[in-house]
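Hi,

Here is the structure I promised to pass along. Have a look when you get a moment, and my notes follow below.

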Amino acid sequence: MNRFARRRHSAGVRIEQLEYIAAVTRLGSLRRAAEELHLSQPALSETVRNLERELGVDLLERKRSGARMSAEGRELLPHIVDVLDAVDRLRGAAGEQHRVRRMVRVGTVNAATVPLLIPTVRDFRVSHPLTQVEVVGAQQAEIHRTLSEGGLDLGLVNHLDGDDLPAEFESTRLLGGRPVLCVRPDSPLASLSSVSAEDLLAGHEPLIAMRSGYVMHRYVHRFLEGREPGFSYSTDGAEMGKLMVAEGLGATVLPDFSVIGDPLERCGAITHRPLTDEATRVLLILRRRRADSVPRAAQDLHEAFVRRAGELGGALTSAA
């Protein structure tokens, strides 16, 4: 038995155990992790419990709704990720890159999907054909939580210029723009050169608002000075909002970079008009967890987002 094998045996911790706990954290439940790993749920549960006994730490909080990292597990997760990344580097150095199938997970609030995210992922897959990219739509708070726990590698979030940046993440500003009203071309509001709060409150169109938890929900509340439109819808994310506009259900407020270049805009199903608020600037920010070691695939995808944003004319600045 060589020195590495002796160390692994004496420690009692196996690489697959670390991969299993990372999968449970990423997917949020033992059941989904067992399905992805092609294991029975009892076998996976027993493997994780063996690791917890070996380390003397409860890594997971088990609830009816699923399993998530405990506070102790979150402290250990960066070390688990570091070990798995080191194993990947070792395999690569040994010429086994064809056996490594890393997954990169990106959380997004569904802004700038077409002009930014889709081309970036397409280009990344050309140079990383063995790397699976999973795009997860979520609210900003959920993206931040999952980034902190290691369940996401990167997060795309909206940010109102002037808001504080969370210190626990590295933040890169990708795109900057203004809030605009997204409407159908035949909407009465589309005939205006700019749209005021009073125009939105007058009831010409139902307002399709982002649900609480989205930056644009907070912005609209501020733009209307807390006043409520007479009739409105609410939805999750810009993409559903644009579809609802195209189907004639109303108008919605989005960053201009989320509308310009969208297929619905290119085919004439939606258009946009500026708001009378000329002071507010919305930023699309790419976030990742601060770490000494970043997986190569995640680093490459991060760089691909930066390149694509530069092609779109985004003002790129590191906001670490």
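To start with a question: which residue follows H7, and is its phi positive or negative? It is glycine 150, and its phi is positive, near 90 degrees. Please keep in mind that this is a predicted model.

Staying with helix H7, which spans residues 140-149, its buried residues are Gln140, Ile143, His144, Thr146, Leu147 and Glu149.

Helix H3 (residues 30-37) packs against helix H4 (residues 41-55) at an angle of about 105 degrees, and their axes are 9 Å apart. With that angle, H3 is roughly perpendicular to H4. On the H3 side, the contact is made by Leu30, Arg31, Ala33, Ala34 and Leu37, which meet Gln41, Leu44 and Ser45 of H4. Sorted by type, the residues of this contact come out as five nonpolar, two polar and one charged.

Finally, the aromatics. Searching the whole structure turns up one aromatic pair. The ring centres of tyrosine 219 and phenylalanine 223 are 5.9 Å apart and the ring planes are at 15 degrees, so this pair is stacked; the cut-off for stacking is under 30 degrees. Both residues belong to helix H9 (residues 215-223), where they sit four residues apart, about one turn of the helix. Tyrosine 219 and phenylalanine 223 are also both buried.

Happy to talk any of this through.

Best wishes

Methods: Residues are numbered from 1 along each chain as its sequence is written. This is a predicted model: local features need pLDDT of at least 70, side-chain atom pairs count only at pLDDT 80 or more; totals for chains, interfaces and linings use all residues. Side-chain values use heavy atoms; hydrogens and water are left out. Rings of Phe, Tyr and Trp (its six-membered ring) pair if their centres lie within 6.5 Å; planes under 30 degrees apart count as stacked, over 60 as edge-to-face and the rest as tilted. Helices (H or I, at least four residues) and strands (E, at least two) are DSSP runs, numbered from the N terminus. Buried means under 20% relative accessible area, exposed over 50%, partly exposed in between (1.4 Å probe, protein chains only). Axes are lines fitted to C-alpha atoms, for helices over the stretch in contact, and angles run from 0 to 180 degrees between N-to-C directions. Angles under 35 degrees count as roughly parallel, over 145 as roughly antiparallel, 65 to 115 as roughly perpendicular and the rest as oblique. Contact means heavy atoms within 4.5 Å. Ala, Val, Leu, Ile, Met, Phe, Trp, Tyr, Cys and Pro count as nonpolar, Asp, Glu, Lys and Arg as charged, and the others, Gly among them, as polar.
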